[in-house]
Amino acid sequence: MLDQCALERGLQMLSCDVTGRFIFCNSNFVSGSLDVEKSKLRALEFSHLDLQGTGLRLDSSVIADYIRFSIISSSGGYSFINSKFAKDIYIVGGEVASIICNGSEFKEAVRLQAIKNNGSFTSSSDVFEKAVQIDFDDSSSGIFGYQKSIYFQESKFSAGLLVNGSEFIIESLTIVCSQELQGTIHFNDCRVLVTEIKNYSHGVNIIFSYVRFGKLNFDNYTNDGNLTLSSCSSLDIEDSYVAIQHSNLGKAQFMNFSLESFKRVRIFDSILSSIEFSGISWFTDTALDVGAKATSDQKRREVYRQLKQASEKQNDRIQALRFQAIELAAFGNMVRKEEGFLGNDRLILWLSLTNDFGLNWRKPFAYLITITTLLYFPLVFSVSDRLTWRPACNSKDVINTLEEFWSYSYVWPQLFNPARPIKQIFNTGKDLAFGAYFWDGVQRIVLAFFIVQIVSAFRKFVKS
């Protein structure tokens with residue numbers, strides 16, 4: 001046991017075999033660090049230490065019993081390299097420059113609590129057989145900590161990793177997926193400025209719950225495991241975004257995820273058609289960034305086509321129709337550049353806009369009222385003996401014309417009856433001129449088209 005010591009040049013243990021507990025407390029390293037290399041120790045109990053140099057380093061060693069570190073300050077950090085830990089580890093409080101685990105085996109639970117880590121918590125090629133928990137705060141003792149950066153690569157979390165965050169922001173979180181990275185990695189109630197998830201995810205479950213992201217990046221990421229984002233949203237920063245680039249999200253689950261809270265959503269050359277979602281707040285079309293302007297309409301169409309397909313798989317017909325409307329609008333922009341004014345696809349899409357691709361019944365209804373009213377005038381001109389296709393010469397002619405139109409006003413509401421007999425509605429007792437039948441035929445075509453558009457919009461919730 002070392003108590004109230006001042007070590008001028010640190011402490012190094014090389015190829016040692018300590019059968020008793022190693023207790024070190026209330027001491028100060030003036031310079032140097034505490035290095036344990038190629039040694040076998042029973043248990044470590046360190047408290048209230050001030051370490052310099054590289055901090056505390058365990059390299060190629062075996063710890064046969066527990067580890068308890070409490071309130072250790074270090075200009076270096078903790079390094080657990082190629083070592084084996086047979087019992088549980090509990091580290092609480094203190095301030096360090098980094099925590100590095102590389103190639104080590106942890107047989108029992110590991111818990112880090114209220115540590116002020118000014119650098120990175122890194123785990124690479126480690127094996128954790130029991131649960132790992134990182135708590136930013138220790139509310140019972142009023143101690144608060146943070147992790148400035150977190151990095152995972154090729155580690156195995158057999159019983160899972162749980163990170164309980166706080167109001168302190170994690171500046172950088174990187175998860176490099178691979179076949180070696182396994183288990184469950186769960187972030188709860190964290191604030192992360194920059195998050196990057198990349199490479200092939202095979203046996204790892206990544207869960208974010210109540211996390212606020214600044215910049216969330218999926219870069220060359222393929223999800224063949226499980227990715228869940230639940231009750232997540234954006235940090236209140238000016239340039240927040242979600243970027244999905246050259247990735248396949250597979251069956252990623254988005255639950256109560258607020259995409260609309262991000263300033264931008266970037267989607268480049270990615271597959272989204274199998275994602276699952278519930279209670280998601282979607283981004284607006286103006287927030288979507290698909291890259292190069294030259295092919296932006298084509299890429300926008302592809303993004304919304306995939307989102308439409310994902311919605312249809314979950315029987316969310318309403319959202320599928322909304323995505324389809326934007327998809328067709330993007331396709332319309334493509335056709336407008338490729339075809340002439342009277343091109344077939346362009347004409348069809350233009351007519352489909354009259355009900356916003358099946359979403360709006362008010363537009364076709366308004367169009368029907370307006371066009372029918374306009375066609376009413378030439379129809380009356382063709383039937384009346386008192387009207388001619390010449391301009392009025394004086395105010396009396398104008399008054400007589402208006403009176404003549406008003407005398408046939410009973411005809412206007414009957415124009416909305418597709419089964420009307422034109423002779424009976426005018427009731428003139430004589431044969432009508434060609435013009436009357438022509439304008440009547442045009443109005444019937446308009447009426448039939450807009451009835452279909454209105455009915456189609458009313459059936460948007462029950463379309464298959």
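**Note on the predicted model**

1. At a relative accessibility of 68%, Phe-434 counts as exposed, while Phe-438 is partly exposed, with a relative accessible area of 42%. The structure is a predicted model, and these assignments should be read as computed from it. The two residues lie four apart in helix α8 (residues 434–458), and are therefore separated by about one helical turn.

2. By the rule applied here, the count of aromatic pairs comes to 35. In one of them, the ring centres of Phe-208 and Phe-213 are 5.2 Å apart and the planes stand at 75°, so the pair is edge-to-face; both Phe-208 and Phe-213 are buried. Phe-434 and Phe-438 also form an aromatic pair, which is stacked, with 6.2 Å from centre to centre and 25° between the planes. A further contact with an aromatic ring involves Arg-266, whose charged end sits over the ring of Tyr-241, 4.3 Å from its centre.

3. Strand β24 (residues 156–164) takes part in several parallel pairings, including one with strand β19 (residues 127–128) over two bridges, in which Phe-128 has Phe-157 of β24 as its bridge partner. Strand β20 (residues 132–135) is joined to β24 by four bridges, again in the parallel sense, and here the partner of Val-132 is Leu-161 of β24. Six bridges join β24 to strand β26 (residues 182–188), also running parallel, and Leu-161 stands opposite Ile-185 in β26.

4. Across the whole structure, a search finds 22 salt bridges. Arg-68 forms one of them with Asp-88, the closest N and O atoms being 2.8 Å apart. Because Arg-68 lies in strand β10 (residues 67–74) and Asp-88 in the loop between β12 (84–85) and β13 (89–92), this pair ties together parts that are 20 residues apart in sequence. Both count as partly exposed, Arg-68 at 30% relative accessibility and Asp-88 at 28%.

5. Glu-129 forms a salt bridge with Lys-107, with the closest N and O atoms 3.0 Å apart. Since Glu-129 lies in the loop between β19 and β20 and Lys-107 in the loop between β16 (105–106) and β17 (110–113), the parts tied together are 22 residues apart in sequence. Glu-129 is partly exposed at 36% relative accessibility, as is Lys-107 at 33%.

6. In the salt bridge between Glu-196 and Lys-198, the closest N and O atoms are 4.0 Å apart, and the cut-off for a salt bridge is within 4 Å, a point to keep in mind when reading this pair. Glu-196 is partly exposed at 23% relative accessibility, and Lys-198 is partly exposed at 25%. Elsewhere, Asp-35, Glu-37, Arg-57 and Asp-59 are linked in a network of salt bridges.

7. Ile-169, Leu-193 and Val-194 form a nonpolar patch on the surface, with about 190 Å² of accessible area together. Of these residues, Leu-193 is found in strand β27 (residues 191–201) and is partly exposed, with a relative accessible area of 31%.

8. Two backbone angles deserve a look, given that most residues other than glycine have a negative phi. Ser-15 has a positive phi, near 55°; Ser-15 lies in the loop between β3 (11–14) and β4 (21–29) and is exposed, with a relative accessible area of 52%. Tyr-210 likewise has a positive phi near 55°, and is found in the loop between β28 (203–209) and β29 (212–223).

Technical notes:
Residues are numbered from 1 along each chain as its sequence is written. This is a predicted model: local features need pLDDT of at least 70, side-chain atom pairs count only at pLDDT 80 or more; totals for chains, interfaces and linings use all residues. Side-chain values use heavy atoms; hydrogens and water are left out. Patches are made of residues with over 30% relative accessible area and no salt bridge: like charges are joined within 9 Å, nonpolar side chains (Val, Leu, Ile, Met, Phe, Trp, Tyr) within 5 Å. Accessible areas come from the Shrake-Rupley method with a 1.4 Å probe; for residues, only the protein chains shown count as cover. A salt bridge is a side-chain nitrogen of Lys or Arg within 4 Å of a carboxyl oxygen of Asp or Glu. Buried means under 20% relative accessible area, exposed over 50%, partly exposed in between (1.4 Å probe, protein chains only). Two strands pair if DSSP finds at least two bridges between them. Rings of Phe, Tyr and Trp (its six-membered ring) pair if their centres lie within 6.5 Å; planes under 30 degrees apart count as stacked, over 60 as edge-to-face and the rest as tilted. A charge sits over a ring if NZ of Lys or CZ of Arg is within 6 Å of the ring centre and within 35 degrees of the ring normal.
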